[in-house]
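User: I am new to this structure. Please take me through it, and tell me what each label rests on.

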Amino acid sequence: MSGHKYTPAPTEPPPSYETTRALPLHQASAKPPLRVPLPLDLPVLSSIRDRKIILASASPRRRQLLAQISLFNLSVIPSAAPEAFPKTLSPFEYVLQTATQKAMTVYSGQIDSPDGEPALVIAADTVVVSQGGQILEKPKSEADHISMLKGLRESVSHKVYTAVVVMAPLASARDPGYALESTVEETTVNFGRDISDEMILAYVRTREGADKAGGYGIQGIGAILVDKIDGSFDNVVGLPLRPTLALIEKVLRNDEELVDEFAEEEEEE
């Protein structure tokens with residue numbers, strides 16, 4: 001991993017159980033400071049960590065998830081394109097087309113930026129789909145919010161789809177000049193059937209879910225509504241991390257392979 005400076009692990013030992021038991025009660029009960037984990041040391045992440053990476057989303061949750069894989073220095077540039085795809089599309093096609101449009105719009109607007117072209121553009125779109133196949137938007141009012149959550153409770157299970165699109169400019173001169181990879185992930189979420197109307201009303205009035213499709217946030221207070229899930233948790237939050245990392249690796253690998261192929265063709269000529 002040439003050029004990458006390795007950060008040594010902390011030298012202090014972890015706290016000893018024996019030492020803790022020996023401390024006076026008032027000291028033993030004090031919480032030790034949390035130690036921040038070291039950055040995830042993967043070649044693909046190290047190669048882009050100091051370059052321009054754009055998150056084509058204003059979602060703070062997606063930014064927090066990317067920070068978990070040590071992508072901290074992101075330029076947040078949401079897409080200004082209207083999300084006007086028909087709800088008659090399948091949920092799979094709807095999220096994929098929306099996420100692709102977000103990525104393409106931001107990429108085309110930044111490719112000739114005075115700050116330089118982006119090394120990577122990451123876009124995503126998440127929808128909640130009722131058991132009857134209805135794509136749920138963000139609640140429009142408190143009454144709509146209550147009705148939406150009651151519907152999810154009565155149907156017991158619903159689906160959450162997240163499409164992720166990753167783009168990178170190609171170093172080669174090959175058309176169209178960029179690499180694009182995408183995926184759509186699905187998670188089944190089950191609400192508890194014993195959730196009371198009182199609990200739904202109390203949750204709605206926290207306003208946590210007011211800005212979220214489906215009307216709840218599983219990573220926050222909304223967890224009290226959820227009985228179980230089948231699939232990726234971070235997919236429900238808004239960005240499935242493992243598939244996203246795989247897409248990043250793929251677009252960057254595609255670029256390297258095309259550069260090598262282009263060089264070989266020039267040698268043959």
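Analyst: This is a predicted model. Start with the strands. Strand β3 (residues 120-129) and β5 run antiparallel and pair over nine bridges.

User: What makes β3 and β5 a pair?

Analyst: Two strands pair if DSSP finds at least two bridges between them. Here there are nine bridges, so β3 and β5 count as paired. In one of these contacts, valine 129 has lysine 159 of β5 as its bridge partner.

User: How do you know that β5 and β6 pair, and in which sense?

Analyst: The cut-off is at least two bridges. β5 and β6 have 13 bridges, in the antiparallel sense. Across from valine 166 stands glutamate 181 of β6.

User: Why is β5 called mostly covered?

Analyst: Buried means under 20% relative accessible area. In strand β5 (residues 157-169), twelve of the 13 residues are buried. For the protein chain as a whole, 42% of the 269 residues count as buried.

User: Why does glutamate 181 count as buried?

Analyst: Its relative accessibility is 16%. The limit for buried is under 20%, so glutamate 181 counts as buried.

User: What makes lysine 250 and glutamate 181 a salt bridge?

Analyst: A side-chain nitrogen of Lys or Arg must lie within 4 Å of a carboxyl oxygen of Asp or Glu. For lysine 250 and glutamate 181, N to O is 3.6 Å.

User: Is lysine 250 buried, partly exposed or exposed, and why?

Analyst: Lysine 250 has a relative accessible area of 35%.

User: How many salt bridges does the structure hold?

Analyst: Eleven. One of them joins the side chains of glutamate 142 and arginine 205, at 3.6 Å from N to O. That pair also links distant parts of the chain: glutamate 142 is in helix α6 (residues 142-155), arginine 205 in the loop between α7 and β7, 63 residues apart.

User: Why is arginine 205 called exposed?

Analyst: Its relative accessible area is 54%. Exposed means over 50%, so arginine 205 is exposed. Glutamate 142 has 30% relative accessibility and counts as partly exposed.

User: What makes Met199, Ile221 and Ile224 a nonpolar patch?

Analyst: Patch residues need over 30% relative accessible area and no salt bridge, and nonpolar side chains are joined within 5 Å. Take isoleucine 224: at 47% it counts as partly exposed, so it clears the 30% limit. Isoleucine 224 sits in the loop between α7 (197-204) and β7 (226-230). Together, Met199, Ile221 and Ile224 have about 250 Å² of accessible area on the surface.

User: What is the overall secondary structure?

Analyst: The protein chain has nine helices and seven strands.

Terms used:
Residues numbered from 1 in each chain as written. Predicted model: local features only at pLDDT ≥ 70, side-chain atom pairs only at ≥ 80, totals over all residues. Heavy atoms only, no water. Patch = residues over 30% accessible without salt bridge, like charges linked within 9 Å, V, L, I, M, F, W, Y side chains within 5 Å. Areas by Shrake-Rupley, 256 points an atom, 1.4 Å probe, with all protein chains shown as cover. Helix = DSSP H or I, 4+ residues; strand = E, 2+ residues; numbered from the N terminus. Buried < 20%, exposed > 50% of the residue type's maximum accessible area, 1.4 Å probe, protein only.
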